[in-house]
Amino acid sequence: MKKHILLLPCLLLFIQCSVPVKKADAPVPQGAEAYILAKAERAEHKSAEAVGTHYAVSTQGIFATQAAKKIFAQKGNIIDAAVAVSFAIAVERPHSTGLGGGGFMLFHEGKTKKTYAIDFRERAPLLATEKMFLKADGTADSNLSQNGIMSAGVPGMVAGLIEIHKRFGKLPLSKVIAPAIDLAENGFPVYPNLKNALDNKQELLKKDPAAREIFLDNKEKAWPMGHILVQKDLAKTLRKIAKNGKKIFYNGEIGDAFVKFFADQKGLLSKKDLLGYQVKWREPVKGNYKGFEIYSMPPPSSGGIHVVQFLNQLENDNLKEKGLLSTTSINLAAQSLQAAFADRAEYLGDPDFVNVPTKGLTDKEYAARRRKEFSETTARPSTAVGHGFVVPPHESTQTTHFSLMDDQGNAIASTQTINGQMGASMVVPGTGIVLNNEMDDFSAKPGASNLFGAIGTNANAIVPKKTPLSSMSPTIVMKDGIPKLAIGAPGGTRIISCVAQSILNYIEFNVPLYESITMIRYHHQWLPDVLDIDPPGPRPEVLRDLERMGYKVQIREVPCSVMAVAHEDKILKGAADPRDIGTSVAN
Ligand code: DON
């Protein structure tokens, strides 16, 4: 308990308390005034990169990073550490991820040089129907798809983590889950991002007795900052999983609690859904950029395809010469995002159900054709930007992120989620598990938009057992087969922009790791036709130029939080975005 009290000031004052850290005094690249400003504003109290030679870890939590450190100290391998982080972060960020959700993991195994893309995302229940989120008048019912029992897909987190651990882990599962159990049992102080989620969802949480019990005080108000949040039921659930493995979740007493709750609440999930849940091992999306190899998450994420497409479209522009955060760079990158998001709306869905032209969309010639459509002088209104034409292949083809690397050539990037803040805002009684609202990532109908404004399409229509389309983009960048950067972020559709830009900052503009992920970011998702730029915005003259070119610029947060680790000449570095409480550690 004592250590939690010691950590209280870190949480309340946003001071980074992870160890060991080193101030980055890397030289600031030319022409980057705007990011210096942003950095000074948000990061003066934050240390920069954790540096070591054996491993580097970056998570969106404090205790989750410490969990990885403990596992490495016990001679666990990188998978043990990643699974320990996953369970610990499920406790530390119950509003972002958890056992009621799902995720993706990219794992590059140094020994075999293989890269795995593991999909343990939620699936649509067997009883789901295409029109389940339409009101009688045919309009999309976003309340139904975003809140409550109908918004939940079949969880995959436990199946995924345990399958990955079984295949590659070294320590027993009980040791790997121990830090999460300890954290759930003893609690930790409520921090700003969690407090914000509890405030936003207070009215919904009030209606669900099990959620109310955990997340609200006896006046039904969100717990205040600094309150020690204890999750006893979750600790019990974790203990059961540590002892019995995934069986107890998919075909045992935890699953039974889910089935009973869904029956009581008139939801769709049944025992059959749990018994039928399958983790999918997929081929990563591959691309390359100026000699770097990019490995990222394939469909049912749109992330990997569009990160690769974004980079392909800009590869021949020599952005470095045009300047970091210059008008030209922002204009070209915004148009690159616009084109990618227009394609997302046309082509992307679960590849087990629709034909996704992955090869076509990540092809260099296709990127060159799309690049020719960009204007160097004016913004293109979204109405002037359509999807491109790619030949379909013949064969059918609130979230958190963490990244790890070790000195064995292994790298992991994993993004995990229950979707929106607090997911469905419901807790399965007796389990402490928050339900996801991932069903909102499907399209309720063509043209309707979801929580993140992503446009609904036929390819992403609801079908039983189908996986909702994602933007999560866990990515590993390699050079000559050796991992150089493992990166990813939460942030809905903004994930694609944030991950793609951070990669560009690091490998095109040679910005140091920490600055690559902290500097201001921009986001254009085709629809709405707006270019969002992080406060305080670019240099005033760049902003003026962009507006003159016709961009509808909004200076507002591009809400991602990027977690990255890098390998630079046998040195391993970790950096966590200071926009949240994330920390990094290296040894
Ligand atoms: O899979 C997706 O794209 C979304 N469910 C991710 C949600 C998310 O990142 C929310 N975080 N801010």
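Colleague: Before we start, what does "exposed" mean here?
Modeller: We're looking at a predicted model. Relative accessible area is what decides the label, with only the protein chains counted. Buried is under 20%, and partly exposed lies in between. Exposed means over 50%.

Colleague: So is Lys113 buried or exposed?
Modeller: Lys113 is found in the loop between β3 (102–109) and β4 (114–120). Its phi is positive, about 65 degrees, although Lys113 is not a glycine. With a relative accessible area of 53%, and the cut-off for exposed being over 50%, Lys113 counts as exposed.

Colleague: And Met422, is that one buried or exposed?
Modeller: Met422 has a positive phi too, near 65 degrees, and lies in the loop between β11 (411–417) and β12 (427–428). Most residues other than glycine have a negative phi. The relative accessible area of Met422 is 1%, and the limit for buried is under 20%, so Met422 is buried.

Colleague: How much of the ligand's area does the protein bury?
Modeller: The ligand sits in the largest cavity. Thr399 has a polar side-chain atom 2.8 Å from a ligand oxygen, and Ser470 has one 2.6 Å from an oxygen of the ligand. Taken alone the ligand exposes 350 Å², and the share of that buried by the protein is 95%.

Note on methods: Residues numbered from 1 in each chain as written. Predicted model: local features only at pLDDT ≥ 70, side-chain atom pairs only at ≥ 80, totals over all residues. Heavy atoms only, no water. Polar contact = N/O pair within 3.5 Å; in protein donor to acceptor, adjacent residues only side chain to side chain. Areas by Shrake-Rupley, 256 points an atom, 1.4 Å probe, with all protein chains shown as cover. 1 Å grid on protein atoms, 1.4 Å probe; cavity = no way out; pocket = protein on both sides within 12 Å on 5 of 7 lines; lining within 4 Å. Sits in = over half its atoms within 2 Å of the grid points. Helix = DSSP H or I, 4+ residues; strand = E, 2+ residues; numbered from the N terminus. Buried < 20%, exposed > 50% of the residue type's maximum accessible area, 1.4 Å probe, protein only.
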